[in-house]
Amino acid sequence: MPSRVTWQVDHSRPTTLVRLGGTLDVDNAGSVRNALNECLAAQPDALVVDVRDLTVADRRALPVFAAAARQAAEWPGIPVVLWQPEGTGAASVPPAVALTGGRQRRSSQVRVRLQPVADACRHARELARDGCERWGLPSLAGPVSVVLSELVTNVVRHAGTAMDVRLTLRAPYLHIAVADGHPGSPRPRNSHPTTEGGRGLLLVRSLTERWGFLPVGEGKVVWATLATA
């Protein structure tokens, strides 16, 4: 009988807590990675993975946790902690509080749900201006608007699905994320610099500290970060 892993996700605190159970092996490590990716896509302040009820049948599956930690460090820039408490008491609160310094609210974030229509880019630019104004970052309004407009344009032209657009301030970076329902990988392409929405991911790369994408469920999140200083 094939091994099975189960998970329960608690998003009620700024730190997301994932409780894993069952038996981990190389056959189901991919499903665990997908579950952790979905947690990272929500951009919590930290991710705690409770492995007290997890049995490791094959040590070759363990790199799934290192891969999640590397992704989290790159984006959304949060810590990932494997946690195996000693007892069975009320142990879910201490690491969640410790990793967020006792804060009871999430990182500053603005978001909007957009459809793949012609005026989606306009709404994205408005979100960029509103977010930068709210956080006192007027110098970033222009670059963020350009980057966000390009990412949204790519969804409209190539994915054709509804999208979740988020700006998250987690100093020293401003994080941009656009989630869509298409699994295709974004690829930089050359385009004329004066073409509206056609400047390509090469421009995104030039305006940001780093960018990339994260497969999530049947779709993906394309993300980018800009330094706030």
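Predicted model: local features only at pLDDT ≥ 70, side-chain atom pairs only at ≥ 80, totals over all residues.
1. Residues are numbered from 1 along each chain as its sequence is written, and side-chain values use heavy atoms, with hydrogens and water left out.

2. Back to that pair. Strand 1 (residues 5-10) and strand 2 (residues 15-24) run antiparallel and are joined by six bridges. Two strands count as paired if DSSP finds at least two bridges between them; strands (E, at least two residues) and helices (H or I, at least four) are DSSP runs, numbered from the N terminus. A hairpin of four residues links strand 1 to strand 2, and Q8 stands opposite R19 in strand 2.

3. Which strands make up the mixed sheet? Its order is 1-2-3-4, and the sheet is open. Strand 1 and strand 4 are at the edges with a single partner strand each, so one side of each has no neighbour in the sheet. From one strand to the next, the twist averages 20° (axes are lines fitted to C-alpha atoms, for helices over the stretch in contact, and angles run from 0 to 180 degrees between N-to-C directions).

4. The parallel part of the pairing is between strand 3 (residues 46-56) and strand 4 (residues 80-83), over four bridges. Here D50 has W83 as its bridge partner in strand 4. Together with helix 2 (residues 63-74), these strands make a right-handed β-α-β unit; right-handed means that, with the strands pointing away from you, the path from the first strand over the helix to the second runs clockwise. Helix 2 lies across strand 2, strand 3 and strand 4, at about 150° to strand 4 (contact means heavy atoms within 4.5 Å).

5. Now the other sheet: five strands, open, antiparallel, in the order 5-6-7-9-8. Strand 5 (108-114) and strand 8 (210-216) are its edges; each has a single partner strand, so one side of each is left without a neighbour in the sheet. Strand 6 (residues 163-170) pairs with strand 7 (residues 173-180) over seven bridges, and R166 has A177 as its bridge partner in strand 7. Helix 1 (residues 29-41) lies across strand 6, strand 8 and strand 9 (219-227), at about 130° to strand 8.

6. Most residues other than glycine have a negative phi, and most peptide bonds are trans. The bond from W75 to P76 is cis, with omega near 10°, and P76 sits in the loop between helix 2 and strand 4. A171 and P172 are also joined by a cis peptide bond, with P172 in the loop between strand 6 and strand 7. Q43 is not a glycine, yet has a positive phi of about 55°.

7. Where does the largest share of the lining of the largest pocket come from? Helix 5 supplies it, with five residues. The pocket holds about 230 Å³ of space. For the terms, on a 1 Å grid over the protein atoms alone, a pocket is an open set of points where a 1.4 Å probe fits, with protein on both sides within 12 Å along at least five of seven lines; lining residues have an atom within 4 Å of a point. Grid points are joined across faces, edges and corners, and the volume is the space filled by probe spheres set on the points.
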